[in-house]
Amino acid sequence: TATSQNIVIGGLAGAMPPALGWAAMANDVPMQAWVLVMIIFIWTPPHFWALAMYRRDDYAKSGLPMLPITHGMDVTKLHILMYTIALLAVSMLPFAIGMSGLIYLGTAIVLGAIFFWYSWQIYRHYTDLIARKAFAYSIIYLSILFAVLLVDHYFLFRSF
């Protein structure tokens, strides 16, 4: 059935590649893979809801039950803010479980603070331009976060 939580439900399928790839390569899916899945899963709603907010007319015409259409902009703004706060916490897990070091941690904090700033701007002073910038930043956020995780993990576990 169609639901306004389509992004959350579909986000799990979209977040699964780290677990699937790990299973294919190692015949195992350890906690580290699930941490990556969780980061992508929690990142997906604020990413897509920012898009849905500034493209709300298109979604309304299409009949897709996106959150800004079914529950309004204020509910969507609050959901974006709450998911971004959750993302900040979840993005600390690679450091907490020893999967990364201080390079990743510092980067995750800075990137997360910027993402929070965009979410706060959406929540307090929404404009379509802010939502567009937040959507674009969310792509940059995830790309840099995972690139730095890879680099930091390499340096952390490489013996020189």
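The model is predicted. The structure contains three salt bridges, and the count of aromatic pairs is ten. Its largest pocket has a volume of about 200 Å³, and helix α9 gives the most residues to the lining of that pocket.

**Salt bridges**

- Side chains of opposite charge can pair when their charged atoms come close.
- The structure holds three such salt bridges.
- One of them joins Asp128 to Arg56, with the closest N and O atoms 3.0 Å apart. This pair links distant parts of the chain, since Asp128 belongs to helix α9 (residues 128–157) and Arg56 to helix α4 (residues 56–62), 72 residues apart.
- Arg56 has a relative accessible area of 26% and is partly exposed.
- A salt bridge also forms between the side chains of Asp58 and Arg55, at 2.3 Å from N to O. Asp58 is partly exposed at 35% relative accessibility, and Arg55 is partly exposed at 39%.
- Lys77 and Asp74 meet through their side chains in a salt bridge of 3.3 Å, N to O. The two residues are separated by about one helical turn because they stand three residues apart in helix α6 (residues 73–90).

**The largest pocket**

- The volume of the largest pocket is about 200 Å³.
- Its lining consists of Trp22, Gln32, Leu36, Met99, Phe146, Leu149, Leu150, His153 and Tyr154. Two elements, α3 and α9, each give two or more residues to this lining.
- Helix α9 gives the most, with five residues.
- By residue class, the lining has seven nonpolar residues, two polar ones and no charged ones.

**Aromatic pairs**

- A pair of aromatic rings is described by the distance of the centres and the angle of the planes.
- The count of aromatic pairs comes to ten. One of them is the tilted pair of Tyr137 and Tyr141, with 6.3 Å from centre to centre and 50° between the planes.
- Tyr137 and Tyr141 are separated by about one helical turn, because they are four residues apart in helix α9. Both Tyr137 and Tyr141 are buried.
- Tyr154 and Phe155 form an edge-to-face pair, with centres 5.4 Å apart and planes at 70°. That angle is over 60 degrees, so the pair counts as edge-to-face.
- Tyr154 is partly exposed at 43% relative accessibility, and Phe155 is partly exposed with a relative accessible area of 43%. Tyr154 is also among the residues that line the largest pocket.
- Ring pairs connect Phe115, Trp117, Tyr118, Tyr137 and Tyr141 into a cluster.

- His47 lies in helix α3 (residues 31–54). Its relative accessible area is 5%, under the 20% limit, so His47 is buried.
- Apart from its neighbours within four places in sequence, His47 is in contact with Phe135, Ser138 and Ile139.
- Thr44 is also found in helix α3. Thr44 has a relative accessible area of 7% and is buried.
- The contacts of Thr44, leaving aside neighbours within four places in sequence, are Ile7 and Gly11.

**Tyr104 in helix α8**

- Tyr104 is part of helix α8 (residues 102–125). With 0% relative accessibility, Tyr104 counts as buried.
- Not counting residues up to four places away in sequence, Tyr104 touches Ile39, Ser91, Pro94, Phe95, Leu145, Val148, Leu149 and Asp152. Of these contacts, Leu149 is also one of the residues lining the largest pocket.
- Tyr104 and Val29 are 75 residues apart in sequence, and their C-alpha atoms are 22 Å apart in space.

Technical notes. Residues are numbered from 1 along each chain as its sequence is written. This is a predicted model: local features need pLDDT of at least 70, side-chain atom pairs count only at pLDDT 80 or more; totals for chains, interfaces and linings use all residues. Side-chain values use heavy atoms; hydrogens and water are left out. Buried means under 20% relative accessible area, exposed over 50%, partly exposed in between (1.4 Å probe, protein chains only). Contact means heavy atoms within 4.5 Å. A salt bridge is a side-chain nitrogen of Lys or Arg within 4 Å of a carboxyl oxygen of Asp or Glu. On a 1 Å grid over the protein atoms alone, a cavity is a set of points where a 1.4 Å probe fits but cannot get out, and a pocket is an open set with protein on both sides within 12 Å along at least five of seven lines; lining residues have an atom within 4 Å of a point. Grid points are joined across faces, edges and corners, and a volume is the space filled by probe spheres set on the points. Ala, Val, Leu, Ile, Met, Phe, Trp, Tyr, Cys and Pro count as nonpolar, Asp, Glu, Lys and Arg as charged, and the others, Gly among them, as polar. Rings of Phe, Tyr and Trp (its six-membered ring) pair if their centres lie within 6.5 Å; planes under 30 degrees apart count as stacked, over 60 as edge-to-face and the rest as tilted.
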